[in-house]
Amino acid sequence: MPVVFLAALLLSGAAHAAEKPILGDWYEEATYGGYRTISIAHFRADGTFTAEFRKCLQPGELDNTDTGHYTYENGHLRMITEARDGFWTLDIEDYQTASNDGRIWVYDSTSGPAVEHYGHIHFKDVRVTPTSKVPSCDLNS
């Protein structure tokens, strides 16, 4: 029995070690609510995040920035947005990672106000540099 426990412990540690971190900066484009939305999210080691969004309207753009805290463990991301454009808010969203090779991160929304409003959304993010900016809606990806 101790050998089985040790093997399970080693396997769970190996699986956890294989999980790629989400720390850093990620670019994404998704369509929900009928609009293309472009964003760059910055996940910091202290558990805080900033996410810059640009909703592409016809014509024009609508920008907003969310800030807050996050946790990430076993492929599960919880984002707790505490401010939107500098104004206090409370928005808790959950996501589950499908894959992450350190360069491309694929995940799905699982619960929260966005799921209630738009349904489940499938995301595919690409790692970018910390100085990356959200591009204009006029640019094609």
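The exercises below proceed from the overall fold to individual residues.

The model is predicted: local features need pLDDT of at least 70, side-chain atom pairs count only at pLDDT 80 or more, and totals for chains, interfaces and linings use all residues. Residues are numbered from 1 along each chain as its sequence is written, and side-chain values use heavy atoms, with hydrogens and water left out.

**Exercise 1. The overall fold**

Task: State how many helices and strands the protein chain contains, and give their order.

Solution. 
Step 1. Helices (H or I, at least four residues) and strands (E, at least two) are taken as DSSP runs, numbered from the N terminus.
Step 2. By this rule the protein chain has two helices and eight strands.
Step 3. Along the sequence they follow the pattern α-β-β-β-β-β-β-β-α-β.
Step 4. A residue is buried under 20% relative accessible area, exposed over 50%, and partly exposed in between (1.4 Å probe, protein chains only). Of the 141 residues in the protein chain, 36% are buried.

**Exercise 2. Paired strands and their turns**

Task: Describe how S3 pairs with S2 and with S4.

Solution. 
Step 1. Two strands pair if DSSP finds at least two bridges between them.
Step 2. S2 and S3 run antiparallel and are joined by eight bridges. Within this pairing, Thr37 has Lys55 in S3 as its bridge partner.
Step 3. S3 and strand S4 (residues 61-73) are likewise antiparallel, with nine bridges. Here Phe53 stands opposite Asn64 in S4.
Step 4. Consider the turns. The hairpin of S2 and S3 has four residues between the strands, and Gly47 in the turn has a positive phi of about 85°. The hairpin of S3 and S4 also has four residues between the strands, and Gly60 takes a positive phi near 100°.
Step 5. The loop between S3 and S4 also holds Pro59. The peptide bond from Gln58 to Pro59 is cis, with omega near 0°.

**Exercise 3. The disulfide**

Task: Which residues does the disulfide join, and which parts of the chain does the pair tie together?

Solution. 
Step 1. A disulfide is a pair of cysteine sulfur atoms within 2.5 Å. A search of the whole structure finds one.
Step 2. The disulfide joins Cys56 to Cys137, with an S to S distance of 2.0 Å.
Step 3. The angle about the S-S bond is -90°, and the link of Cys56 and Cys137 is left-handed.
Step 4. Cys56 lies in strand S3 (residues 48-56) and Cys137 in the segment after strand S8 (122-128), so the pair ties together parts that are 81 residues apart in sequence.
Step 5. Cys56 counts as buried because its relative accessibility is 6%. Cys137 counts as buried because its relative accessibility is 12%.

**Exercise 4. Aromatic rings**

Task: Classify the pair formed by the rings of Phe43 and Trp105.

Solution. 
Step 1. Rings of Phe, Tyr and Trp (its six-membered ring) pair if their centres lie within 6.5 Å; planes under 30 degrees apart count as stacked, over 60 as edge-to-face and the rest as tilted.
Step 2. The whole structure contains 10 aromatic pairs. The ring centres of Phe43 and Trp105 are 5.9 Å apart and their planes lie at 75°, so this pair is edge-to-face.
Step 3. Phe43 belongs to strand S2 (residues 35-43) and Trp105 to strand S7 (residues 104-111), so the pair ties together parts that are 62 residues apart in sequence.
Step 4. Phe43 is buried, because its relative accessibility is 5%. Trp105 is buried as well, because its relative accessibility is 0%.
Step 5. Ring pairs link a cluster whose members include Phe43, Trp105, Tyr72 and Phe123.

**Exercise 5. Loop residues with positive phi**

Task: Where are Asn74 and Asp85 found, and are they buried or exposed, or partly exposed?

Solution. 
Step 1. Asn74 is in the loop between S4 and strand S5 (76-84). Phi of Asn74 is near 55°, a positive value in a residue other than glycine.
Step 2. Asn74 counts as exposed, because its relative accessibility is 52%.
Step 3. Asp85 is in the loop between S5 and S6. Although Asp85 is not a glycine, it has a positive phi of about 55°.
Step 4. Asp85 counts as partly exposed, because its relative accessibility is 41%.
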